[in-house]
Amino acid sequence: MAEPRAMTSTTHSSQTVQNPLQRFLIATEIDTRLLGMIGALAIIWIGFNFFSGGLFLTPRNLWNLSVQTASVAVMVTGMVLVIVTRNIDLSVGSILGVVGMVMGVMQTQILPSQFGLGLGHPLIWVLSLATGLAVGVGIGGLQGAIIAYLRVPAFIVTLGGYLVWRGAAWWVTAGRTVAPMDSTFQLMGGGPDGSIGALWSWVIAGVACAAIVIGLYFGRRQRQRFNFPQRPVWAEISLAVIGCGATIAAVWVANAYPWPVRIAERFAEANGIAVPEGGLFISHGIAIPVLIAVGVGVVMTFLATRTRFGRYVYAMGGNPEAAELAGINTRWVTVKIFMLMGALCAIAAAISTARLNAATNALGTLDELYVIAAAVIGGTSLAGGVGSIAGALLGALVMQSLQSGMVLMGIDSPLQSIVVGMVLVFAVWLDTLYRRNKH
């Protein structure tokens, strides 16, 4: 009888080896790689805040950081699906540039002169955005068809696209900068007018918190329905508290950043508002491009995890031959992935041109580097089959934080590129180690 007791004692001691953090991670099922990225982001923010003399962690800089991240964040959600299927897209920055130029020409030349739509006409921004989306989807579909049906490697097709579409952006206007954009279109770029204010920001926060709680509740119901293992109730509550806490903190920071003094004074004069002695405090609230990026992230997460198309994408990335033998039309799925990537580039182009209030030939330059780096840093494996939208969005925030922090510290542009390149290589090395240890 001594042997069973010894075995029981050993088993019990092995179970109690887990520390509270390990038990928490196991119970909540939080991805350790995602948690590691959050830790790295915290270190980056605290480090830059220290070396910049407290300028980094201010509402103004964090608000600007969120707006600057928006366009790359939109594109990285599509790059995840591209890389998951063992492809690559080197042309996203050039597609952004040519689509941005097309939308700019539509607003400043074609619609006013050819169709007689005057400045400020409500259809100008709608038709320009629709045209940009059509062009983006068309370019993505063309590249996807060449990759899928002509069997030309994605690296070569998109490298050619990188050159072709960058040249096409210059050809559209013979190198001229196109400005200004439609006033309604400009709202997609942020700024005092391109934000929703304090009240609506808190409304969005309330809706987001309700969505988190409802999502956890129905997720638990689904697990119970199919007899899947349940998370402890305390773990579900912890996830709800963390999610709602992060949402409220983000909105609080956005609302803590006021309009510039002169803009607030002009607003007060136009609306007959008396300016207090200490100045008029009007919150920016959440910027519209940030809402667009978050909305795209939610939709893409649903598409990747809750639809047949998403399951096909990950099946193709895990084993392309098995996916084809299982009856998946891998060629058509590949075309759809690149069409989706083109549409996301068009949305990012709208954000970028609206933010600059101009379409320039430099638009989107090197964006392909930041998008691919953000996806890889966010845990998307270049070997295919592994990647998450949430991780990629966090990767985009890490990349932009590095760039913004180096700008605040006055680091030269060449050195910034060196740091970004080193971070990318380090991220791929970590991914290699992770997959090696997993197997």
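**Entry 1: the domains**

I looked up the contact between the domains: nine residues of domain 1 touch eleven residues of domain 2. Contact means heavy atoms within 4.5 Å. The model is predicted, so I noted its limits: local features need pLDDT of at least 70, side-chain atom pairs count only at pLDDT 80 or more, and totals for chains, interfaces and linings use all residues. Residues are numbered from 1 along each chain as its sequence is written, and side-chain values use heavy atoms, with hydrogens and water left out.

Next I checked the bounds. Domain 1 covers 31–194 + 287–438, and domain 2 covers 196–285. These bounds come from an automatic or database domain assignment. The C-alpha centres of the two domains lie 25 Å apart.

**Entry 2**

I turned to helix packing. Two packed helices are described by the angle between their axes and the distance between the axes. Helices (H or I, at least four residues) are DSSP runs, numbered from the N terminus. Axes are lines fitted to C-alpha atoms over the stretch in contact, and angles run from 0 to 180 degrees between N-to-C directions.

Helix α2 (residues 20–28) and helix α9 (residues 233–255) have axes that come within 9 Å and cross at roughly 90 degrees. The pair is therefore roughly perpendicular, a label for angles of 65 to 115 degrees. From α2, I listed R23, F24, A27 and T28; they meet W234, A235, S238, L239 and I242 in α9. I sorted this contact into six nonpolar residues, two polar and one charged. Here Ala, Val, Leu, Ile, Met, Phe, Trp, Tyr, Cys and Pro count as nonpolar, Asp, Glu, Lys and Arg as charged, and the others, Gly among them, as polar.

**Entry 3: α12 and α14**

Helix α12 (residues 308–318) packs on α14 at about 110 degrees, with the axes 11 Å apart. That angle makes α12 roughly perpendicular to α14. On the α12 side I found F309, Y312, V313 and M316; on the α14 side, T330, V333, T334, K336, I337 and L340. Seven of these contact residues are nonpolar, two polar and one charged.

**Entry 4: the second largest pocket**

I then looked at open space. A pocket is an open set of points on a 1 Å grid where a 1.4 Å probe fits, with protein on both sides within 12 Å along at least five of seven lines; lining residues have an atom within 4 Å of a point. The second largest pocket has 28 lining residues, and Q68, R355, D367, Q400 and Q403 lie nearest its centre. Helix α4 gives the largest share of the lining, eight residues. The lining holds twelve nonpolar, 14 polar and two charged residues.

**Entry 5: two backbone details**

I checked the A179 to P180 peptide bond: it is cis, with omega near -10 degrees. P180 sits in the loop between α7 (154–173) and α8 (197–225). R86 is not a glycine, yet its phi is positive, near 70 degrees. I placed R86 in the loop between α4 and α5 (92–114).

How values were computed:
Helices (H or I, at least four residues) and strands (E, at least two) are DSSP runs, numbered from the N terminus. Angles under 35 degrees count as roughly parallel, over 145 as roughly antiparallel, 65 to 115 as roughly perpendicular and the rest as oblique.
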